Amino acid sequence: MDSSSQHPPCTVFFDLETTGLDPSCDIVQLAAVSGGHTFNLFMVPRKPMQPSASRITGFSVRRHRLFLHHRPVLTSSLQEALVSFITFLQMLGRPLLVGHNIRRFDCHVLARALDEFSLRSDFQKEVGGFVDTLPLARQLLKDSGLQSFKQENLVKTLLGVSYAAHNALEDVQALQRLYWALKPTDNQIQKHIFTLDSLATASAKH
């Protein structure tokens with residue numbers, strides 16, 4: 001029984017696509033992958049898509065319907081998507097949530113959405129913490145001479161492949177492969193773990 005507690009936690013790679021990059025933007029897509037388990041839901045945002053975000057992601061909204069590259073997609077409400085995501089995490093036994101540049105952006109957007117529906121405590125019960133692969137990659141590749149630590153560039157440099165960036169599902173699948181290639185040790189991962197509460201504390205100090 002005790003030996004199972006020695007295993008490192010399961011890892012879930014996640015990403016959001018949003019209506020823009022401002023702090024009050026809405027989530028349009030929430031995707032996650034853990035090994036062969038995938039999660040991918042779309043939402044009709046309540047705020048208009050910023051033209052720059054539409055250009056980058058391919059999402060647009062017409063008559064309260066969401067389109068991706070001009071094709072309609074099935075959508076859930078934001079609340080349904082968050083509840084489904086919590087259920088997905090529950091199945092994986094308090095995993096670590098890993099994403100690229102999430103400390104500065106995605107985690108704040110996710111926390112605001114969870115708070116809106118009073119789901120933060122339910123969410124936190126199912127999560128072991130967060131790891132941002134941006135500072136992790138900077139640490140692991142500090143002597144590599146890399147100029148850009150954008151996920152797309154890291155994937156191209158380390159894995160030699162290009163992929164459909166700015167589709168959350170493609171992003172997380174690429175990030176999972178990148179993380180496996182980086183091979184961070186348990187000790188390196190531990191140094192980069194943070195929580196939603198630690199984010200709130202840090203932003204309160206600024």
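This is a predicted model: local features need pLDDT of at least 70, side-chain atom pairs count only at pLDDT 80 or more; totals for chains, interfaces and linings use all residues.
**Exercise 1. Describe helix α2: what is its span, and which of its residues are buried?**

Step 1. Helix α2 covers residues 78–91, 14 residues in total. From first C-alpha to last it reaches 20 Å, close to the 20 Å expected at 1.5 Å a residue.

Step 2. List the buried residues of α2. They are Leu78, Ala81, Leu82, Phe85, Ile86, Phe88 and Leu89.

Step 3. Look down the axis of α2. The buried residues fall within an arc of 160°, so they line one face of the helix.

Step 4. Find the partners. On the strand side, the buried residues of α2 pack against β1 (11–18), β2 (27–34), β3 (37–42) and β7 (96–99). Among the helices, they pack against α3 (102–116) and α4 (120–125).

**Exercise 2. Follow the chain out of α2. What is the phi of glycine 93, and what is that of arginine 94?**

Step 1. Glycine 93 follows α2, and its phi is positive, near 65°.

Step 2. Arginine 94 lies in the loop between α2 and β7. Its phi is also positive, about 50°, although arginine 94 is not a glycine.

Step 3. Arginine 94 has a relative accessible area of 44%. That value makes arginine 94 partly exposed, because this class runs between 20% and 50%.

**Exercise 3. Work through α3. Which residues are buried, and what comes just after the helix?**

Step 1. Read off the buried residues of α3: Ile102, Phe105, Asp106, Cys107, Val109, Leu110, Ala111, Ala113 and Leu114.

Step 2. Just after α3, serine 118 takes a positive phi of about 55°.

**Exercise 4. Do the same for α6, then turn to leucine 159. Which residues does leucine 159 touch?**

Step 1. Gln151, Leu154 and Val155 are the buried residues of α6. They cover an arc of only 100° around the axis, which puts them on the same side of α6.

Step 2. The buried residues of α6 pack against α5 and α7 (168–182).

Step 3. Leucine 159 is in helix α6. At 28% relative accessibility, leucine 159 counts as partly exposed.

Step 4. Leave out residues up to four places away in sequence. Leucine 159 then touches Leu154, Ala174, Arg177, Leu178 and Ala181.

Step 5. Leucine 159 and serine 76 are 83 residues apart in sequence, and their C-alpha atoms are 34 Å apart in space.

**Exercise 5. Survey the largest pocket. How much space does it hold, and what lines it?**

Step 1. The largest pocket holds about 740 Å³ of space.

Step 2. It is lined by 26 residues, and the closest to its centre are Glu17, Leu21, His100, Asn101 and His166.

Step 3. Sort the lining by type. Nine residues are nonpolar, nine are polar and eight are charged.

Step 4. Trace the lining to elements. β1, α1 (51–57), α3, α5 (133–140) and α6 (151–159) each supply at least two residues.

**Exercise 6. Take glutamine 176 and glutamine 190. Is each one buried or exposed?**

Step 1. Glutamine 176 is in helix α7. Its relative accessibility is 7%, so glutamine 176 counts as buried.

Step 2. Glutamine 190 is in helix α8 (residues 186–191). At 53% relative accessibility, glutamine 190 counts as exposed.

Step 3. Glutamine 190 is 69 residues from serine 121 in sequence, and 22 Å from it in space, C-alpha to C-alpha.

**Exercise 7. Where is aspartate 143, and how far is it from lysine 125?**

Step 1. Aspartate 143 sits in the loop between α5 and α6.

Step 2. Its relative accessible area is 73%, so aspartate 143 is exposed.

Step 3. Aspartate 143 and lysine 125 are 18 residues apart along the chain, and 38 Å separates their C-alpha atoms.

Notes. Residues are numbered from 1 along each chain as its sequence is written. Side-chain values use heavy atoms; hydrogens and water are left out. Helices (H or I, at least four residues) and strands (E, at least two) are DSSP runs, numbered from the N terminus. The expected span of a helix is 1.5 Å times one less than its number of residues. Buried means under 20% relative accessible area, exposed over 50%, partly exposed in between (1.4 Å probe, protein chains only). The arc is that of the directions from the helix axis to the C-beta atoms. Contact means heavy atoms within 4.5 Å. On a 1 Å grid over the protein atoms alone, a cavity is a set of points where a 1.4 Å probe fits but cannot get out, and a pocket is an open set with protein on both sides within 12 Å along at least five of seven lines; lining residues have an atom within 4 Å of a point. Grid points are joined across faces, edges and corners, and a volume is the space filled by probe spheres set on the points. Ala, Val, Leu, Ile, Met, Phe, Trp, Tyr, Cys and Pro count as nonpolar, Asp, Glu, Lys and Arg as charged, and the others, Gly among them, as polar.
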